[in-house]
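Trainee: Can you walk me through this one? I have the sequence and the coordinates open.

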Amino acid sequence: MELKNKRLLVVGLARTGVATALFGAAHGALVTATESRTEAEIGENVPRLRDAGVTLELGGHQEKTFLQQDLVVPSPGVPADFPLLLSARAKGITIWSEVELAYRFLHGTLIGITGSNGKTTTTALVEHILKTAAFPTMLAGNIGTPLISCVENTKRNTITVVELSSFQLELIETFRLNISLFLNLTPDHLDRHGSMSTYGAAKARIFENQTEEDAAILNADDHAVTPYAPARPRVYWFSRKQRVAEGAYLHGDDIVFRHEGAEETVLTRGEITLVGAHNLENVLAAVVAARLAGASAQAVAQGIRSFAGVEHRLEFVAEVNGVRYYNDSKATNVDATLKAIDAFPGRILIILGGKDKGSDYTVLQNPLREKAILALLIGAASEKIEKQIAGSVVIERAGTLEQAVEIASHTARRDDVVLLAPACASFDQFENYEHRGRVFKDLVRQVQPQAAGASSGKSTPTASARS
């Protein structure tokens with residue numbers, strides 16, 4: 001695609017927006033970036049953008065700016081039905097997500113992973129396996145590095161593994177994956193998509209442009225996912241509960257890959273360091289993707305055994321006086337929190353709350369009743385959560401994460417688990433879930449010296465749970 005002298009509008013100047021604006025400017029586009037925040041709020045990126053020749057419209061958006069463009073690329077946080085985007089579309093102006101623009105310049109093989117939960121872990125695991133197998137790889141997308149920041153470094157033999165959100169997929173046009181994965185589908189982002197059907201349809205666009213030469217991998221155990229199995233690409237499945245015709249499944253304690261009638265045991269369940277049934281599903285999905293991408297069974301097993309996990313996903317932080325602290329800040333919806341609770345045997349002090357996304361927290365009642373001893377509520381959703389989980393567990397309104405950690409550190413006893421698994425977005429009190437997770441870890445580390453007088457506060461990395 002030729003960007004030179006094209007009028008390109010980038011909407012939103014978070015990480016993806018900044019990367020898109022700089023990419024467009026480097027390719028000769030006439031780039032304008034519009035952002036509701038002020039220059040002071042955006043900070044250090046402003047000089048970089050101006051030096052690159054990007055025109056900045058800060059502190060608000062103007063309709064005339066949207067209507068004077070050849071191409072508009074909104075950041076993932078900007079809804080597709082944002083009124084000014086609708087005005088531009090009505091005028092015939094092209095509107096793409098950043099991944100669509102990046103795809104036009106990408107070289108090599110592209111593997112994409114979506115789903116309500118497990119995307120980041122599975123994306124990182126697939127890339128780690130392929131790197132272990134000596135393939136040249138890139139890791140990109142919703143996992144942290146925008147895809148558009150990687151394209152200049154891709155070559156014909158590069159395998160790019162990209163995490164894809166529904167926000168990114170809803171504005172694609174020709175974006176095509178060689179291997180696609182749809183992990184699961186549970187209620188999330190309903191405040192933006194409005195319904196599960198709209199949300200699921202956005203996720204399922206991952207298959208939209210695939211051909212008979214491509215592969216689609218789906219969760220055979222998730223009845224919300226199976227109806228989206230596509231017609232054109234070759235379909236593979238993964239399952240914890242049943243043998244599959246093509247794909248990976250659990251047979252006793254063996255992880256088995258089945259392809260064109262042949263079966264091979266890749267590794268055993270006991271070799272997986274990640275905790276929780278959901279992570280077993282992530283591993284099964286990764287086995288299929290990596291084998292189809294050309295990694296040997298031996299390399300796949302080696303990659304899984306050596307995978308160190310991902311920050312903010314059931315991440316072991318520390319053990320203080322026999323109390324283990326886990327950071328699952330990425331649990332930004334109820335289903336992710338259910339999976340986090342399921343990963344532990346019991347006596348959990350759980351920190352819940354943040355910005356509500358239209359979620360139903362009543363489904364947490366039974367798991368909390370069975371496994372939790374205290375729920376510490378923080379953020380804007382505290383009142384709603386308290387009403388919907390009342391009677392299932394002792395509840396305390398902590399208000400802030402700092403107060404929640406302090407209460408937990410004084411309440412927990414040996415062999416208890418303090419778990420940050422908020423079931424909410426972070427934007428009421430934090431920049432993003434990573435910021436929330438980092439603050440939690442800092443607070444936990446401050447607990448350690450206070451408790452060191454009574455016990456050594458010894459950390460146990462070998463006992464760490466990773467996701």
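This is a predicted model: local features need pLDDT of at least 70, side-chain atom pairs count only at pLDDT 80 or more; totals for chains, interfaces and linings use all residues.

Trainee: OK, helices first. How do H7 and H12 cross?

Mentor: Helix H7 covers residues 119-132 and helix H12 covers 297-305; their axes come within 8 Å and cross at roughly 125°. Helices (H or I, at least four residues) and strands (E, at least two) are DSSP runs, numbered from the N terminus. Axes are lines fitted to C-alpha atoms, for helices over the stretch in contact, and angles run from 0 to 180 degrees between N-to-C directions.

Trainee: What do you call that arrangement of H7 and H12?

Mentor: H7 and H12 are therefore oblique to each other. Angles under 35 degrees count as roughly parallel, over 145 as roughly antiparallel, 65 to 115 as roughly perpendicular, and the rest as oblique. The H7 and H12 crossing is right-handed; a crossing is left-handed if the near helix is turned anticlockwise from the far one by less than a right angle, and right-handed if clockwise.

Trainee: Which residues meet there, in H7 and in H12?

Mentor: From H7 there are Leu-125, His-128, Ile-129 and Thr-132, and they meet Ala-299, Val-300, Gln-302, Gly-303 and Ile-304 in H12. Contact means heavy atoms within 4.5 Å. The residues of this contact divide into 5 nonpolar, 4 polar and no charged. In that count Ala, Val, Leu, Ile, Met, Phe, Trp, Tyr, Cys and Pro are nonpolar, Asp, Glu, Lys and Arg are charged, and the others, Gly among them, are polar.

Trainee: And H11 with H12, what angle is that?

Mentor: Helix H11 (residues 277-292) packs with H12 at about 140°, the axes being 10 Å apart. H11 and H12 are therefore oblique to each other, and H11 passes H12 in a right-handed crossing. H11 contributes Val-283, Val-287, Ala-290 and Arg-291 to the contact, and H12 contributes Ala-297, Val-300 and Ile-304. Those residues divide into 6 nonpolar, no polar and 1 charged.

Trainee: Switching to H15. Which of its residues are buried?

Mentor: In helix H15 (residues 382-389) the buried residues are Ser-382, Ile-385, Gln-388 and Ile-389. Buried means under 20% relative accessible area, exposed over 50%, and partly exposed in between (1.4 Å probe, protein chains only).

Trainee: Why do the buried residues of H15 line one face?

Mentor: Seen down the H15 axis, they fall within an arc of 140°, so they line one face of the helix. The arc is that of the directions from the helix axis to the C-beta atoms. As background, an α-helix has 3.6 residues a turn, so residues three or four places apart point the same way.

Trainee: What do the buried residues of H15 pack against?

Mentor: They pack against strand E17 (348-353), helix H14 (365-371), strand E18 (372-378) and strand E19 (395-399). H15 is followed by Gly-391, whose phi is positive, near 90°.

Trainee: Where does a residue other than glycine have a positive phi?

Mentor: One of them is Ala-134, with phi near 75°. Ala-134 is in the loop between H7 and strand E7 (137-141), and it counts as exposed at 66% relative accessibility. Glu-260 is another residue other than glycine with a positive phi, near 50°. Glu-260 sits in the loop between strand E13 (254-259) and strand E14 (262-268), and at 67% relative accessibility it counts as exposed.

Trainee: Now Ala-248, buried or exposed?

Mentor: Ala-248 is buried, with a relative accessible area of 0%, and its place is in strand E12 (residues 247-251). Not counting residues up to four places away in sequence, Ala-248 touches Trp-237, Phe-238, Ser-239, Val-256, Phe-257, Leu-284, Val-287 and Val-288.

Trainee: Last one: what is Val-99 in contact with?

Mentor: Leaving aside neighbours within four places in sequence, Val-99 is in contact with Leu-147, Leu-164, Gln-168, Ile-172 and Phe-175. Val-99 is found in helix H6 (residues 98-103) and counts as buried at 0% relative accessibility. The C-alpha atoms of Val-99 and Leu-164 are separated by 8.7 Å, though the two are 65 residues apart along the chain.

Conventions:
Residues are numbered from 1 along each chain as its sequence is written. Side-chain values use heavy atoms; hydrogens and water are left out.
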